[in-house]
Amino acid sequence: MEQVVATRAKARMGLPAMLFYRFRKSVKALRMFAAIAGPGIIVMVADNDAGGITTYTTTGAKYGDHLLWFLILLGPAAYFVQEMTVRLGAVTKRGHAEAIFHGFGAFWGWFSLLDLVLMDWLTMITEFIGMTAAMSIFGVPPWVTVIACWLLMGSMILSGSYWTWEKIALGLCVGNLIYIPAAFMVHPSASDILRNSFVPHWPPGGLTNELFFLLMANIGTTIAPWMLFFQQSSVVDKGLRERDIKFGKLDTAIGSVLTVVVATFLIVVSARLLYGHPIESAAQAAVEIMPVNKYVGTIIAIGLFDAGFLGAICISLASSWAFGEIFGWAHSLNQNIREAPWFYAYYFFDLVLAGLVVLIPRAPLVLITLFVQVIATTLLPAALVFLILLLNDKKTMGKYRNNTWQNVANISIVLVIIILSTLYGITALFPEVLQ
Amino acid sequence: MNFLRAALSSLATEVRTINRRYAKPKIQMTWLVKACLVVLRLYLVVLVCLMIYKFVKTLKG
C-alpha cells in the first residue's frame with residue numbers, strides 16, 4: 001500500500017521535485033553506506049599484512065610487472081568468498097566459529113576453532129616479525145617496538161566502542177595506501193602497467209616451479225582463513241541486518257579493489273627498483289631501496305609496520321570473537337573490559353604471546369612462517385567448504401542462500417583455491433618436489 | 001596447584017556443556033553435505049599423515 005502511494009506521489013512530481021527527491025535519496029543511501037561500511041574494507045586491506053607485503057615485494061623483484069594480471073584476478077575471487085560471510089553473518093547473527101559449531105556439530109566446531117587459534121597466533125608472530133624489522137630500519141630496538149605495539153593495541157580497545165576501534169582501523173587502512181604515492185615516485189610507464197595488468201601472460205622463462213610457488217603464495221596471502229572468521233564476527237558485532245546486506249557487499253567490493261590496488265602499486269615499486277635482486281623480505285627490500293631512493297625505502301618500511309599492525313589487531317580479534325562466541329563470554333567491542341573481561345584477556349594474551357616469541361633470541365622464525373603456510377592448508381579448505389554448505393542451507397539462509405550463478409562462481413573459486421593452497425602447503429612441506 | 005586444578009575442572013565442565021549444546025548438527029544433512037564432510041575428513045587425514053611423515057623425517061635427519 002505504502003509503495004503504491006509513493007509511486008502515485010512520484011508520478012505527480014515535476015522534474016525539479018523529482019531530481020531533488022533522487023538527490024535526497026542518494027544522500028540518504030550514502031549516509032547509510034558510510035554507517036555500515038567498515039568490516040569489508042578493513043578485512044580486505046588487513047589482508048595485505050606483513051606477510052602479504054613481503055610476498056608482493058618478492059613478486060615484483062623476481063618477475064617485474066608480469067604478474068599484475070594474476071593479482072587483479074584475485075580481487076574478484078576474494079570478494080566472492082568474503083561476500084558470503086556478510087550474508088551469513090547478517091542473516092544468522094552468528095560469527096563463523098559459532099556458525100560451524102551450530103551447523104556441523106562439536107567435532108567440526110572444535111577442529112575449526114583450535115586450528116584457527118593456532119594459525120592466528122602463528123600469523124601474528126609473522127606480523128610482529130614484520131613490525132620489528134620495519135622499525136629496526138629506523139634504529140628502534142625490537143623490544144621497544146613490541147612494547148609500544150602492545151600499548152597502542154591495548155589503548156585502541158579501551159574505549160569500549162566498536163565505532164572507535166573501527167575508525168582507528170580505517171585510519172590504518174588509509175596508511176596502507178602509502179604505496180600509491182611511492183609508485184608515482186618511481187615514474188612507471190602507464191602503458192607497461194596497463195598491458196601487464198590486463199593481458200594475461202607468463203613472465204620471461206615461462207611457467208617454472210619457482211613461479212608456480214610464488215603464484216600460490218599470492219593466493220595464500222589474498223585469501224586467508226582468519227578473514228572469513230573476522231568479517232563474519234565483525235558484521236555480527238556491528239549489528240548488520242538483512243536489509244544492510246547490499247551495503248555490506250559494496251563495502252566488501254570496495255575493500256577488494258583497495259587490496260588489489262595496494263598490491264599492484266607495491267609490485268610496481270618493487271619491479272622498478274629491485275628487479276633482478278633476490279629479495280627474502282619486505283624489510284630487506286626497504287633496506288636495499290634506501291640508497292637508491294631514500295623516500296621510497298622509508299615508505300616501504302612505514303607501510304610494512306602499518307600492515308603488520310593492522311594485521312595483528314584484526315587477527316587477534318578474529319580469535320577473541322571466535323572464543324567468545326563458543327564459550328558464551330561477552331564478546332563485543334561495544335562492551336568495556338569490565339563487561340567482557342575474558343574477551344579482552346584473550347585479545348591481549350594473544351598479542352603478548354606473539355610479541356614475546358619475536359623477542360626470544362634465535363627463535364625459529366623461518367620455521368614459524370613455514371608452519372603458517374602448512375596450517376592454512378588444513379583450515380582454509382574446511383572453512384570454505386563449511387561456508388558454501390551453510391550458504392546453501394535453505395533452513396538457515398532462506399531467500400539469502402546462494403543462487404545457481406553464485407554457486408557456480410563460488411564453488412569454482414573455492415575448488416581452485418583448495419587445489420592451489422593444498423599444493424602450496426605440500427610444496428612448503430616438501431620443497432624438493434619443485435626441484 | 002589447587003587454583004590450577006579448579007581452573008582445569010571448570011574448563012572441562014564448560015567444554016562438556018559446549019559439546020552437549022552442539023551435539024547434533026543443525027544443517028540439513030543431505031547426501032551432498034554428507035559426501036562433502038567425508039571428503040573433507042579424508043583430505044585432512046592425508047594432510048595430517050604428510051605432516052607426521054615430514055616431522056619424523058626431520059627428526060631422523
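How many residues of chain B are in contact with chain A, and how many of chain A with chain B?

1. Basis of the notes. This is a predicted model, in which local features need pLDDT of at least 70, side-chain atom pairs count only at pLDDT 80 or more, and totals for chains, interfaces and linings use all residues. Residues are numbered from 1 along each chain as its sequence is written, while chains are lettered from A and ligands numbered from 1 in the order in which they are written.

2. Confidence. The model has an ipTM of 0.88 and a pTM of 0.88. For chain B the average pLDDT is 86, and 100% of its residues score at least 70; pLDDT is the predictor's confidence in each residue, from 0 to 100.

3. The contact between the chains. To take up the opening question, 19 residues of chain B are in contact with 23 residues of chain A. Two residues are in contact if their C-beta atoms, placed from the backbone, lie within 7 Å. On the side of chain B that touches chain A, helix H1 (2-21) and helix H2 (31-60) of chain B each supply at least two residues. H2(B) gives the largest share, nine residues. By type, the residues on this side of chain B are 13 nonpolar, two polar and four charged. Here Ala, Val, Leu, Ile, Met, Phe, Trp, Tyr, Cys and Pro count as nonpolar, Asp, Glu, Lys and Arg as charged, and the others, Gly among them, as polar.

4. Chain B by itself. Chain B has two helices and zero strands; helices (H or I, at least four residues) and strands (E, at least two) are DSSP runs, numbered from the N terminus. Its C-alpha trace spans about 45 × 40 × 5 Å along the principal axes. The radius of gyration of chain B is 19 Å, whereas a compact globule of 61 residues would have one near 10 Å. That radius is taken over C-alpha atoms, and the globule rule is 2.2 Å times the number of residues to the power 0.38. Buried residues make up 5% of chain B. A residue is buried if 20 or more other C-beta atoms, placed from the backbone, lie within 10 Å of its own, exposed if 12 or fewer, and partly exposed in between.

5. Chain A overall. Chain A has 20 helices and zero strands. Its radius of gyration, 22 Å, agrees with the value near 22 Å for a compact globule of 435 residues. The C-alpha atoms fill a box of roughly 70 × 50 × 40 Å along the principal axes, and 51% of the residues of chain A count as buried. Of the contacts in chain A between residues at least 6 apart in sequence, 85% join residues at least 24 apart.

6. The core. A nonpolar core is a set of buried Ala, Val, Leu, Ile, Met, Phe, Trp, Tyr and Cys residues joined through C-beta atoms within 7 Å. The largest one has 137 residues, and Ile300(A), Leu304(A) and Cys314(A) have the most contacts inside it. Helix H16 (residues 294-327) of chain A provides the largest share of this core, 19 residues. Beyond its neighbours within four places in sequence, Ile300(A) is in contact with Ala182(A), Ala282(A), Ala285(A), Ala286(A) and Ile289(A).

7. Helix H15 of chain A. In this helix (residues 282-289), the buried residues are Ala282(A), Ala283(A), Ala285(A), Ala286(A) and Ile289(A). Seen down the helix axis, they fall within an arc of 155 degrees, so they line one face of H15(A). The arc is that of the directions from the helix axis to the C-beta atoms. The buried residues of H15(A) pack against helix H4 (50-63), helix H7 (106-137), helix H14 (245-274) and H16 of chain A.

8. Lys62(A) lies in helix H4 of chain A and is buried, with 21 other C-beta atoms within 10 Å. Leu71(A), in helix H5 of chain A, counts as buried with 21 C-beta neighbours inside 10 Å.

9. Two loop residues with positive phi. Lys93(A), with phi near 60 degrees, sits in the loop between helix H5 (68-92) and helix H6 (96-104) of chain A and is partly exposed. His187(A) has phi near 50 degrees and counts as exposed, with 7 C-beta neighbours inside 10 Å.
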